[in-house]
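Open the model in a viewer and keep a selection panel at hand.

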Amino acid sequence: MHALDAGQLNRLLRDLELTAPLVIKRAAPHAKQHLWLLVALRRTDGREDAAFQQRLARHVGLRGKLRTRKQALFDTIEALKALERPTFEDVLLRISELTGQVEKSVASSVLALLDPEQPTIDRDLRELLPRYGFPTLAEAPLFDECVAWHRSLKALFEQVIDAPRWAAISPRIDAGLAMQGDAVLTEVRKLNLQLSHSRRVVALMPTLEPVRIAPVRGALPGAPAEPMPLRGAVRLHLCR
């Protein structure tokens, strides 16, 4: 069962092709930050490394209740590192317990650092994907709704990456990012960056969907045809 039908997938890939050169340059700083944290997470104790904590907080957009409990968050992340293969449900549950709210964005960003093959959820992504027929996720969803949406999002990413047209888009993203060093982005991360940074560009693009014109209803048999008004003429209506 695919996340999008053939037509929806084609429109999404078309927009990815059109926006890649512009969008990826904007996404480059975020990509570099992700790679730095990916390496640092495995080499440092996040409970004590102030530089790591500062960069992680900026990367995941730490604010609100989580910001006041950031030390507890770093403790939780260290505990999650001990899991062999943490799932989104695991990470979402443990981080949400710190605030009593469904912390979908932070949880998915942390999971993507623990497992780079996992997609992240952010506002731009949530607002962009319904354009292509993907389900909408509420701003404050229930826990189970959020887990199910993330599962569907992962299926969507797999569908896009498996498409032949993605094989031509991916090298263009690599060229636009111009990454240095041995660390490389996964295909999931490249697609995530492209989607999350393209919403404002795509919003200005036409949908290019065919316009459906309602058929003209024919006149009743025997009824006189209504004369077509001349351009610029004013049609008068009698008041009774």
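Start at the second largest pocket, which holds about 240 Å³ of space. A pocket here is an open set of points on a 1 Å grid over the protein atoms alone, where a 1.4 Å probe fits, with protein on both sides within 12 Å along at least five of seven lines; lining residues have an atom within 4 Å of a point. Points are joined across faces, edges and corners, and the volume is the space filled by probe spheres set on them. The model is predicted: local features need pLDDT of at least 70 and side-chain atom pairs pLDDT 80 or more, while totals for chains, interfaces and linings use all residues. Residues are numbered from 1 along each chain as its sequence is written, and side-chain values use heavy atoms, without hydrogens and water.

Select Pro86, Thr87, Phe88, Gln118 and Lys154: of the 13 lining residues, these lie nearest the centre of the second largest pocket. Next, show helices H5 (88-96) and H8 (143-162), the elements that give two or more residues to this lining. H8 gives the most, with four. Helices are DSSP runs (H or I, at least four residues), numbered from the N terminus. Colour the lining by class: four residues are nonpolar, three polar and six charged. Nonpolar covers Ala, Val, Leu, Ile, Met, Phe, Trp, Tyr, Cys and Pro; charged covers Asp, Glu, Lys and Arg; the others, Gly among them, are polar.

Move to the largest pocket, with about 790 Å³ of space. Select Val60, Arg63, Ser105, Ile121 and Asp122, the closest to its centre among 34 lining residues. Then show H6 (104-114), which gives the most to this lining, with six residues.
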